[in-house]
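Student: I am new to this structure and would like to know what stands behind the terms used for it. Please show it, and then let us go through them.

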Amino acid sequence: MTNDHLKGLFVYCLLCCTQRTDVFGAHGWDTKVAQLLLNEPKNPKCFAEGLRDLTCFWEEDEERAGSADQYSFIYTYQNENSSECNVTAQPAEGSKNLYFCRLSQTQLFAPVDIQVFRDGLLIHNRSLHIEYVFLLDPPSNLTVTQTGSPGQLKARWLPPPPKYIDDSMMYEVSYTVAGSRTEQVAEVRASSELILRGLQPGSRYNVRVRVKLDGVSYNGYWSAWTDPVLMEMMPGDLDPLIVFLALIISLILTLLSLTVLLSHRRFLLDKVWPVIPTPESKFQGLFTVYGGDFEEWLGYSAGDLFLRPAYFYTEEIPAPLEVLSEVGLDSQLCSSPLPPKAQQVLDDGKEEKLKQMDSSTDGWSETPHEHWLMDELRVLHLLPTPQDPQLKSQDAYVTLNAQNHSGPEPLGDVLEETRPLQVLFDSGRTCSDSHSDLGSFQQSSGSGCLSSQSSFEYPNHTWSPKGPGYTYMAVADSGVSMDYSPMSSSKIDFMGKGVAYTNEYRNEIPAHRQPVPFAF
Amino acid sequence: MQTGLLPYGPFWLGQGVLTLLLMLLEWTRPGLTSPLRPICDLRVLKHFIEEAKDAEAAMLTCKEGCGLAELVTVPQTKVDFNVWEIKNAPEQAKEVQSGLWLLSQAMGSLRGSITNTALHGQIDNSLRNIFSIGQVLRSLNFQEYPPPGVGVSGAETWSVSSASELLQVHVNFLRGKVQLLLSNAAACQPGGS
């Protein structure tokens, strides 16, 4: 046991020697003193910087102040005898003096009574626990780094001495936007790092830390703040969630706009890029087969003349019936005496016909006469079947022509042509049918009306009119359809060289006789 | 007919079942011999310290019926780190175990002395906490020492005469020596057993 005591005493002396070098050389000692002068109301003001030291001081005005020798600092641990500490003096601001006592060997977890005497008079008395008056150094090596996440910074530091009580330390981190007075603090216990969240991207932050014991086993005052560390946040950091939502919304809007455009693409195309109308649909094969060569498409070469016109008329409505002739019927039809008026009309028509012979043109243009047509019709009406055995009483034909008193008229002059037929109908119309359209004929015995329901056959060869090469057509109305048989004169024998164009016309007159249009 | 003992008779069957049952109870018995997982979380001790502070505060407000009938021996709570750090772990553990035993004896004496029923709960709680700290020390594989016995005195003990002093000693002892022992326990160090 004696050896153990000697051994402990040797170590104790060794430790005391090492601690004497830093009696008043503690870091920030003046700052700590100033802090306690402001925050600690009790006297003497005491603080511990480690597990083995205690510093007490008090302030005296110059009026009352004396030398350090006048003061006595007496401390007494629980269940122990009193001890005395040497007092030192230090001038302070404002004509004051500070008196200090520093203990280098302390006992924690037991109360200690402290008494200060000045010239034998007790001026201060205080009982405290040394482990409750810790005033630590601020943390060291404060570093602030980016975490990689937007709006976050990571602050790390080293805990101050003493060691082995790290788990009893608590830290307060202060972060402020540079230039702003708004301070934000965060607290962390038993850890020497902290992640700061909710920071503004692109801003610069001042970060600082201070430490204090947590108050369970140890307690004390807040340490001084560390020197601030300035850190700049990454600018324009976008929250990944916001970026993702923005992409989703833009994708949805794009799909909607595409859907609308596709549903109205034809309308929009017509507005933006209107289609230039082309006549290609009307001229099938003109551009695809003949490369736009109209003449070739028309087929002016031999043998194509009669084929091409079909393309003109494929989509046309059926061509109006043009039956014209200048048939010299006087030789055939004048076997019976004509009425005087008819005869006169016929003679007039002959003279006029002779005048028109030279001016008549080929083909389709004709200059028929009104009077001879009327005469013919009257003759037919008056002269029944013997002259024309195949033309029965109920048979009838219709010849339509453009009448002209002054000169040749083109076909299609409708107004005055209605007169001969009108006369015809007026003379012979005693039918019960009140239809006045030109397309209906009714025939009854002696009435002069022509029945449209009777069959009609007209021989092609029995009627060979004189005159120039006119083409005419005979109409056979069977009540269901009307057949047009092309007839031609001898001058230009179309019948021999080809087939005159025929346009089959179907009479779709129902039982109650719908009007059938005719063109004049 | 044979009347000799049969190995599978009812009697032997019952004995077998009983033996098996005892073995199971012995195996599952919660006792000192069963190994405990080290309790290294100091928040457990901090909880006990806070409750001890509450008991001390409650005792300060007691006016009547809260005195000790006799002097009780309590451990010294002051810690000189220069001396403490020189001691090895077994010595520290012995000092802590002895002090806890003294405190439990003193708490028991206080429980019988005070008549204020409101403080009975506080005292009982403190007694349970002292027992729990013993379990924590056991979990940290500290060697168990026999109690010093009644009437022992030494440099590490002193006597108190009031309940408030007793509870103050209780708090200081937990905050000091017990906490230093647990925080530096080898079983809780990285790589320690």
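Student: Why is Lys78(B) called buried?

Tutor: Buried means under 20% relative accessible area, exposed means over 50%, and partly exposed lies in between, with a 1.4 Å probe and protein chains only. Lys78(B) has a relative accessible area of 16%, so Lys78(B) is buried. The model is predicted: local features need pLDDT of at least 70, side-chain atom pairs count only at pLDDT 80 or more, and totals for chains, interfaces and linings use all residues. Residues are numbered from 1 along each chain as its sequence is written, chains are lettered from A and ligands numbered from 1 in the order in which they are written, and side-chain values use heavy atoms, with hydrogens and water left out.

Student: What makes the contact of Glu80(A) and Lys78(B) a salt bridge?

Tutor: A salt bridge is a side-chain nitrogen of Lys or Arg within 4 Å of a carboxyl oxygen of Asp or Glu. The side chains of Glu80(A) and Lys78(B) meet at 2.2 Å, N to O. This pair crosses between chains: Glu80(A) is in the loop between β3 (71-77) and β4 (82-85) of chain A, and Lys78(B) is in the loop between β1 (72-75) and α3 (81-84) of chain B. Helices (H or I, at least four residues) and strands (E, at least two) are DSSP runs, numbered from the N terminus.

Student: Why is Glu80(A) called partly exposed?

Tutor: Its relative accessibility is 30%, so Glu80(A) counts as partly exposed.

Student: How many salt bridges does the structure hold over all chains?

Tutor: There are 20. One of them joins the side chains of Arg118(A) and Glu60(A) at 2.9 Å, N to O. That pair links distant parts of the chain, 58 residues apart, with Arg118(A) in strand β7 (residues 111-118) and Glu60(A) in strand β2 (residues 54-61) of chain A.

Student: Is Glu60(A) buried or exposed, and why?

Tutor: Glu60(A) has a relative accessible area of 7%, and therefore it is buried.

Student: What are the values for the salt bridge of Glu144(B) and Arg138(B)?

Tutor: Their side chains meet at 3.0 Å, N to O. Glu144(B) is partly exposed because its relative accessible area is 44%, and Arg138(B), at 23% relative accessibility, counts as partly exposed too. Elsewhere, salt bridges that share partners join Lys32(A), Glu49(A), Arg102(A) and Asp137(A) into one network.

Student: Why is Leu253(A) called exposed?

Tutor: Leu253(A) has a relative accessible area of 53%, so Leu253(A) is exposed. Leu253(A) is found in helix α3 (residues 240-263) of chain A.

Student: What makes a nonpolar patch of Leu253(A) and other residues?

Tutor: Patches are made of residues with over 30% relative accessible area and no salt bridge; like charges are joined within 9 Å, nonpolar side chains (Val, Leu, Ile, Met, Phe, Trp, Tyr) within 5 Å. This patch is formed by Leu241(A), Phe244(A), Leu245(A), Ile248(A), Ile249(A), Ile252(A), Leu253(A) and Leu256(A), with about 780 Å² of accessible area together. Such areas come from the Shrake-Rupley method with a 1.4 Å probe; for residues, only the protein chains shown count as cover.

Student: How do you know that β12 and β15 of chain A pair?

Tutor: Two strands pair if DSSP finds at least two bridges between them. Strands β12 (residues 169-177) and β15 (residues 204-213) of chain A have nine bridges, in the antiparallel sense. Val173(A) stands opposite Val209(A) in β15(A).
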